Amino acid sequence: MGLRPPPVRLDERPRCPPAAGPFLTGLLGPAAIRELAQHLELRPTKTLGQNFLHDANTIRRIVRTAELRPDDAVLEVGPGLGSLTLGLLSEAAHVTAVEIDPRLARLLPGTVAARLPDRASRLTVVEADALRLPELPGPPPTALVANLPYNVAVPVLLTLLEQLPTLDRALILVQAEVAERLAAAPGTAAYGVPSVKAAWYGEVRRAGNVGRRVFWPEPNVDSGLVSLVRRPPPPGDRAATFAVVDAAFATRRKSLRAALARWAGSPAAAEERLRAAGIDPSARGEQLSVADFARLAATAPVAP
């Protein structure tokens, strides 16, 4: 996992920019978001997927949908200016926030200290890329709740589920199209690689829609909430199963006999392995469940 980064000490936390009135109380609204961004001279970038939530009702809805327990240790990826972080701290025992932008990582503890001083000690900020996550300080996370950057949402979710077995559930806010793909069932048009790989880790479902007007800057697409509750994976090897999934959907219009020819060694070998797994060779990848793929991956290679 790499070297363990030191948590930010309380006496090293930068202070929020001075502000009067409602800035120091409650969740972050549009005015507070812009004030913090101005303080940092921040111009949100598409590269980092920076679209900051500013609607308090949406924050409350996400926290409520996450069904957090008082003893939960929450992992938040991409906390940004702290909108969702403040909501999570009001319900969870601890929040570990992973932020790739050093400016935002440095500011977040001060924002929390100013708005929720009695909960500030429950926050740990880690400046890191969630796809290259070091060993996390603090309690092992039990829930992932995050507004994930659109461009890396799926790999971040899958990487964290693999690396952090203590995560027993997740609620993520992603692009609406990605939400549909993650929660798609076999046999539907949206079903594909993200659907199968997410299903390896747990039961996935859509948990609601979120409009674009609750973000700053406003994205060009709507968003959706996706819930995942971890369950034991199907029998088999994860890497081997994922390799079959990738091969099956690389040419999704082809039958599995043709699509898996290179994976198995030849069309004939693919057909033999498919039949050994009890799968019709003329079927297509979108018709198979994650259990089907795991069973197929476990079949023995055909001898030359």
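**View A. Surroundings of Val77 in the predicted model.** Apart from neighbours within four places in sequence, Val77 is in contact with Val98, Ala130, Leu144, Val145, Ala146, Asn147, Leu148, Val156 and Leu160. The model shown here and in the other views is predicted, and residue numbers start from 1 along the chain.

**View B. The nonpolar cores.** The largest nonpolar core comprises 56 residues, and those with the most contacts inside it are Val77, Leu144, Leu160 and Leu260. Helix 5, which covers residues 153–163, gives the most to this core, contributing seven residues. In soluble globular proteins, nonpolar side chains tend to be buried together.

**View C. The two faces of strand 2.** Strand 2, made up of residues 73–77, is mostly covered, with five of its five residues buried. Ala73, Leu75 and Val77 lie on one side of the strand, Val74 and Glu76 lie on the other, and all of these residues are buried, so that both faces are covered by the definition of burial as under 20% relative accessible area. In a regular strand the side chains alternate between the two faces of the sheet.

**View D. Strand 2 and its partner strand 3.** Strand 2 pairs with strand 3 (residues 94–99) in the parallel sense, over five bridges. Within this pairing, Glu76 stands opposite Ala97 of strand 3.

**View E. Strand 2 and its partner strand 5.** Strand 2 also pairs in the parallel sense with strand 5 (residues 143–147), here over two bridges. The bridge partner of Val74 in strand 5 is Ala143.

View F. Seven strands form an open sheet in the order 4-3-2-5-6-9-7, and their pairing is mixed. Strand 4 (123–127) and strand 7 (202–210) are the edge strands, each of which pairs on one side only. From one strand to the next, the twist averages 20°. Helix 4 (residues 102–115) packs on the sheet, where it touches strand 3 and strand 4, and the direction of helix 4 makes about 170° with that of strand 4.

Notes: Predicted model: local features only at pLDDT ≥ 70, side-chain atom pairs only at ≥ 80, totals over all residues. Heavy atoms only, no water. Buried < 20%, exposed > 50% of the residue type's maximum accessible area, 1.4 Å probe, protein only. Helix = DSSP H or I, 4+ residues; strand = E, 2+ residues; numbered from the N terminus. Pairing = 2+ DSSP bridges. Core = buried A, V, L, I, M, F, W, Y, C linked by side-chain atoms within 4.5 Å. Contact = heavy atoms within 4.5 Å. Axes fitted to C-alpha atoms, helices over the stretch in contact; angles between N-to-C directions.
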